[in-house]
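Please read these points beside the sequence and the structure. They are meant for someone new to this entry.

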Amino acid sequence: SDEFWFDPNEKGLALRSVNSSRSAYACVFFSSMFFQHYCWTAEPELCQKKRQSPLTCKLIMKSVLPVFRCLNTLERNVEKCNIYTNVNDCHITFKLFCKHGIIKTHNLAFHESEPLQAVFSRHMCPNVLKIQSRLLTDVMIHFPTCQEEVTVAVTPMKVCFKSYTEEEIDFSKAMHTKIHLNPDEFDYFQIGVDSEVTFCLKELRGLLAFAEATSATVSVHFDVSGKPIAFSIEDMMVEASFVLATLADIENRESSQQSLCLSQRQKRQKITDLISSKKKSQEYCVCTTTHFIKYCIFQFHSLFFGAVSFKEQDVISHTLHSLATASDAEDDFDNEQLSHVV
Amino acid sequence: MRFRAKIVDVACLNHFTRVINTIAKLAKTCTLRLTVDKLYFILTDKVANGGVSMWCELSQGNFFDEFQMEGVAAEHNEIYLELTPENLSRALKTAQNAKTVKIKLTNKHCPCLTVAVELPSLSSSSRIVTHDIPVGVIPRRLWNDFREPSVPDFDVSIYLPVLKTMKSVVERMKNLSNCIVLEANLNGEMNLKIETDLVSVTTHFKGLGNPPWVSEDGSQNSTQDRDPESMAEARIDIRKLLQLLAGQQVNPTKALCNIVSKRIVHFILLHEEVSLQYFIPALA
């Protein structure tokens with residue numbers, strides 16, 4: 001999907017996206033504390049219209065990415081970034097205050113849309129691993145960049161990441177890579193059920209890059225094959241999570257992707273045709289930043305949605321959101337994050 | 001048929017990786033010949049390669065700490081494998097800080113060269129990464145196809161200029177033409193020429209020196225009778241030349257080429273532990 005959900009609410013700003021085959025979902029939530037100034041208000045008169053949902057803006061990914069494209073330039077030139085929305089004329093404005101008095105203003109049109117949320121409860125997963133992002137990257141580095149899918153096989157005694165090749169590809173041509181890890185390399189290791197789940201590595205690389213930039217611990221929640229796997233990072237101000245569909249393993253080792261359920265509002269729609277990763281054409285674009293800089297914008301593919309559920313009190317209709325400002329000033333962030341800046 | 005080898009020294013691993021990287025740049029698939037003392041990477045002059053052939057020889061003792069090989073039969077104590085060097089290159093790429101690297105011939109779902117890398121880790125046991133690279137076993141009846149090519153009866157033999165310089169010259173020429181003329185004489189002069197309808201560019205190298213060759217019967221080579229000013233030339237595919245030059249990761253100890261006028265250019269690059277011969281045929 002080329003779309004990008006921009007969801008400001010009282011507590012902070014959520015950025016979400018999903019891929020066209022609905023087999024990967026990502027959400028990055030910036031708490032209001034991440035920003036130097038965060039203000040989210042509602043116009044009281046619109047409450048009367050009894051809008052059921054808070055405003056969610058859907059943007060085209062391609063128009064957002066160029067705003068934050070060149071990380072080095074951003075780091076060097078931009079002093080402040082203001083973001084504000086004007087519901088009346090359906091625009092989100094990104095205003096970058098750069099050096100030498102230059103101000104770059106980007107006005108992006110949005111569509112109002114239903115919010116996007118994956119139905120997935122992490123606390124229901126029997127298998128939970130927590131691993132340093134550095135270590136996870138060190139593991140994934142052994143897979144060639146063209147490797148699409150990776151299987152993680154776990155038992156309470158060991159963990160193994162291995163490359164996955166689809167049956168149609170000639171086994172005698174492809175190289176297979178396996179990495180064995182010791183449970184004590186993980187910060188937290190809980191395996192409730194032995195399982196082997198296969199997910200799309202490409203989708204994950206965005207999160208890995210982000211994780212490395214923030215030196216965070218990555219939590220992995222999963223179940224048996226066919227059930228989704230979630231990779232998440234949490235720290236004081238930002239929470240990011242990627243939920244990926246996994247291949248369902250049928251007895252005679254034929255794999256087929258499990259159909260995932262899509263639902264918006266209360267309706268459940270079945271996705272019957274999940275494109276296999278081989279056919280996905282993925283234009284993979286990651287623009288990562290540390291807290292010190294600006295935003296992390298990922299492009300995700302493959303996801304599934306679940307019912308959107310939001311509490312009634314969030315349902316305040318509003319027109320004008322005012323400034324949500326992120327700045328790269330030192331006073332925002334603790335010193336340890338400053339050290340990430342190269 | 002068995003093969004097991006181990007590298008423990010970081011410098012050896014590094015060097016071996018660089019050799020593999022060079023081979024990977026020169027050939028998509030090639031033949032790996034294993035004998036008790038040596039490893040050979042061979043590419044034969046099939047039409048599919050554009051007539052290019054390669055012969056690269058390494059002494060195993062310079063790289064491996066342990067090397068055990070049992071060939072197909074006692075009288076033919078060798079193993080010939082068909083392999084994609086790019087896979088080996090990829091497997092070694094992330095192994096540079098390994099404690100040990102073991103390479104062995106295994107039979108998983110098909111014959112494989114398994115590269116097992118033992119990496120240092122924070123936990124008590126090392127992290128093991130294994131790569132299974134599928135290979136094809138070449139039957140003995142085909143071994144004759146992979147004999148060492150003989151040095152051709154060349155017209156001129158000359159040392160090459162500094163490869164880095166040569167590479168940057170050829171790189172720029174590549175944008176102008178697909179063919180390049182390589183000519184040299186016994187006076188240590190070499191020219192690289194391209195000629196198109198619009199432009200012709202020539203780069204002249206002087207003072208290169210000509211290696212002394214002694215022919216088998218001990219007498220001086222017949223090229224001694226040749227006029228030292230006279231150029232021997234061959235028109236070759238510029239991309240093949242660039243492949244050879246660009247693939248070099250380390251400067252060779254000796255680099256020379258033998259030109260058979262209008263037929264073939266034979267390049268010889270010698271490093272301390274590795275020798276590489278590369279043949280590029282002349283274009284019609």
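1. Arg16(A) has 10% relative accessibility and therefore counts as buried, where buried means under 20% relative accessible area, exposed over 50% and partly exposed in between (1.4 Å probe, protein chains only). Arg16(A) lies in strand S2 of chain A, residues 12-18. Its side chain and that of Tyr25(A) make a polar contact of 3.1 Å. A polar contact is a pair of N or O atoms within 3.5 Å; within protein, one must be able to donate a hydrogen and the other to accept it, and residues adjacent in sequence count only if both atoms are side-chain atoms.

2. The model is predicted: local features need pLDDT of at least 70, side-chain atom pairs count only at pLDDT 80 or more, and totals for chains, interfaces and linings use all residues. Residues are numbered from 1 along each chain as its sequence is written, chains are lettered from A and ligands numbered from 1 in the order in which they are written, and side-chain values use heavy atoms, with hydrogens and water left out.

3. In chain A, an open sheet of ten strands runs in the order S9-S5-S1-S2-S3-S18-S17-S16-S10-S14, with antiparallel pairing. Strands S9 (111-112) and S14 (188-191) of chain A are at the edges with a single partner strand each, so one side of each has no neighbour in the sheet. Helices (H or I, at least four residues) and strands (E, at least two) are DSSP runs numbered from the N terminus, and two strands pair if DSSP finds at least two bridges between them.

4. Within that sheet, strand S3 (residues 24-31) of chain A is joined to strand S18 (residues 238-244) of chain A by seven bridges, and the two run antiparallel. Ala24(A) has Leu244(A) as its bridge partner in S18(A).

5. In chain B, strand S1 (residues 2-7) pairs with strand S5 (residues 66-70) in the antiparallel sense over five bridges. S1(B) is also joined by four bridges to strand S7 (residues 100-107) of chain B, again antiparallel. Arg4(B) stands opposite Gln68(B) in S5(B), and its bridge partner in S7(B) is Lys104(B).

6. Helix H3 of chain A (residues 133-140) is largely enclosed by the rest of the structure, because six of its eight residues are buried. The buried ones are Ser133(A), Leu135(A), Leu136(A), Thr137(A), Val139(A) and Met140(A).

7. How many residues does each chain give to the contact? Chain A gives 19 and chain B gives 20, with contact meaning heavy atoms within 4.5 Å. Chain A and chain B bury about 1,600 Å² between them, 54% of it on carbon and sulfur atoms; buried area is the accessible area (1.4 Å probe) that two parts lose on being put together, summed over both. Of the area that chain A buries against chain B, His142(A), Met175(A) and His176(A) supply 36%, more than any other three residues.

8. The rule finds one salt bridge across the interface of chain A and chain B, a salt bridge being a side-chain nitrogen of Lys or Arg within 4 Å of a carboxyl oxygen of Asp or Glu. The side chains of Arg127(B) and Glu185(A) meet in a salt bridge at 3.1 Å, N to O. Six residue pairs are in polar contact across the interface of chain A and chain B, both residues at pLDDT 80 or more.

9. Strand S13 (176-181) of chain A and H3(A) are the elements that give two or more residues to the side of chain A that touches chain B. S13(A) gives the largest share, six residues. S13(A) also pairs with strand S9 (residues 127-134) of chain B, in the antiparallel sense over five bridges. In that pairing Ile179(A) stands opposite Val129(B).
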